[in-house]
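Please view the sequence and the structure together while reading.

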Amino acid sequence: MNASVAVVGLGMTRFGRFPDRSLKDLGGEAVRAALADAHLETEDIEMAFVANAMASIITGQVSVVGQTVLRANGFSGIPVYNIDNACAGSSSALNLAVHAVRAGAAKTVLVLGVEKLVGSSREATYMALNGAADIDFVAGAGIDASRESVFVSAVYPPRLRAYADAHGLSGDVLAAIAVKNRRHAGLNPMAQYTDPVTVEDVLASKVIADPITAFMCAPISDGASAVVVTSAASVRPEHKPVWIRGSVVGMASAEGPGAAIREVATRAYTEAGITPGEVDVAEVHDSVSFNELLAYEELGFCERGTGDRLVAEEVTSLGGRLPVNTSGGLESRGHPVAATGLAQVIELGHQIRGEAGDRQVPDVRIGLAESAGGFAGGDTAAVAVTVLGSDPSDD
């Protein structure tokens with residue numbers, strides 16, 4: 001049985017374009033916020049897992065991002081582990097922290113995701129992002145990897161066409177998802193883009209790969225997010241614990257596109273002891289609007305080919321039965337790659353605590369976060385699904 005692990009500290013920066021801010025600066029802000037929320041000091045942290053995916057190209061820092069960021073912010077002596085798992089990086093780091101606490105290797109652990117995508121040139125940003133796909137696939141895709149996204153140009157369009165052929169798909173549906181997420185972001189002070197948009201605005205924005213337009217895509221972002229996790233025995237009276245009911249990571253599936261998320265989600269539901277119907281609020285990986293639509297189906301929120309009904313009936317909007325991406329999602333909250341997964345967890349933590357303000361979902365008991373990144377073997381390279389609850393699992 002899995003020993004109970006609690007998230008007791010939540011902290012993040014606003015996501016956005018911050019060319020003058022360093023990894024040390026961004027990471028320090030998030031860490032200080034998480035420690036303050038947990039009523040802890042640096043000396044209380046016994047171990048740290050730090051996620052970063054793009055620094056080697058964007059900033060030139062390699063290998064020791066975690067140590068450089070934490071040393072600059074008052075930490076010393078503790079074991080620090082650096083994690084690179086594309087967009088699932090900080091979710092994967094959280095998974096490792098959970099394992100460490102459950103194994104008794106540490107009682108209180110810091111998890112940090114920190115990223116800069118705004119660098120010396122847009123070409124560097126594209127090279128970094130495209131490096132998250134199998135480089136042999138990128139080379140064979142026939143695109144300029146320094147000027148366009150292999151994901152938007154070569155990965156998503158075939159999936160979208162296959163889906164449209166099988167189930168039908170309207171560009172208006174994808175636009176409505178982007179509009180919904182921007183509306184949610186307008187209620188989130190940590191979001192990158194908060195001005196409302198209409199379906200017409202989204203459809204009229206630059207076509208990236210038909211029918212995907214610019215407003216359906218996650219922006220270039222900098223930012224950091226951090227959480228503190230601890231064992232059940234170490235939870236203090238001043239803490240506001242959010243319990244990790246399930247934490248599962250997986251890689252590309254032999255079953256083909258989409259199977260990895262379905263398989264990882266099934267394992268996470270089993271670990272958490274819940275069904276998809278018990279999820280009250282979810283944060284999913286909407287790097288493009290189409291990926292959110294797929295997530296509805298791959299996570300078991302509806303049958304295959306029926307995700308558009310959830311959009312049309314506003315099931316996934318605030319006020320609906322299952323609000324999705326109340327933070328604004330990647331499309332509007334922003335997407336600093338290695339910080340995104342923890343940002344999802346932080347949003348769910350605030351929802352479960354009842355601290356989400358105007359975007360609060362009533363009576364949240366269970367939240368689910370899904371992050372997915374990279375491309376290998378014809379499917380998403382890394383997938384992480386985290387289930388959070390107001391109460392611990394029955395051990």
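## A helix crossing

The axes of α8 and α11 come within 8 Å and cross at roughly 95°, where axes are lines fitted to C-alpha atoms, for helices over the stretch in contact, and angles run from 0 to 180 degrees between N-to-C directions. α8 is therefore roughly perpendicular to α11, a term that covers angles of 65 to 115 degrees. Helices here are DSSP runs (H or I, at least four residues), strands are E runs of at least two, and both are numbered from the N terminus.

From α8, the residues Val 173, Leu 174, Ile 177, Ala 178, Lys 180 and Asn 181 meet Ser 289, Phe 290, Glu 292, Leu 293 and Tyr 296 of α11, contact meaning heavy atoms within 4.5 Å. The residues of this contact divide into 7 nonpolar, 2 polar and 2 charged.

## Basis of the model

The model is predicted, and local features need pLDDT of at least 70, side-chain atom pairs count only at pLDDT 80 or more, while totals for chains, interfaces and linings use all residues. Residues are numbered from 1 along each chain as its sequence is written, and side-chain values use heavy atoms, with hydrogens and water left out.

α11 is mostly covered, with 10 of its 10 residues buried, that is, under 20% relative accessible area with a 1.4 Å probe and protein chains only. The cover over these buried residues includes α7, α8, α10, α12, α13 (329-333) and β10. Just after α11, Gly 300 takes a positive phi of about 85°.

## Ser 90

Ser 90 lies in helix α4 (residues 89-103) and counts as buried because its relative accessibility is 0%. A polar atom of the Ser 90 side chain lies 2.9 Å from the backbone oxygen of Ala 338. Leaving aside residues up to four places away in sequence, Ser 90 touches Ala 51, Val 111, Gly 113, Ala 338, Ala 339, Thr 340, Gly 341 and Leu 342.

Technical notes
Buried < 20%, exposed > 50% of the residue type's maximum accessible area, 1.4 Å probe, protein only. Polar contact = N/O pair within 3.5 Å; in protein donor to acceptor, adjacent residues only side chain to side chain. Parallel < 35°, antiparallel > 145°, perpendicular 65-115°, else oblique. Nonpolar A, V, L, I, M, F, W, Y, C, P; charged D, E, K, R; others polar.
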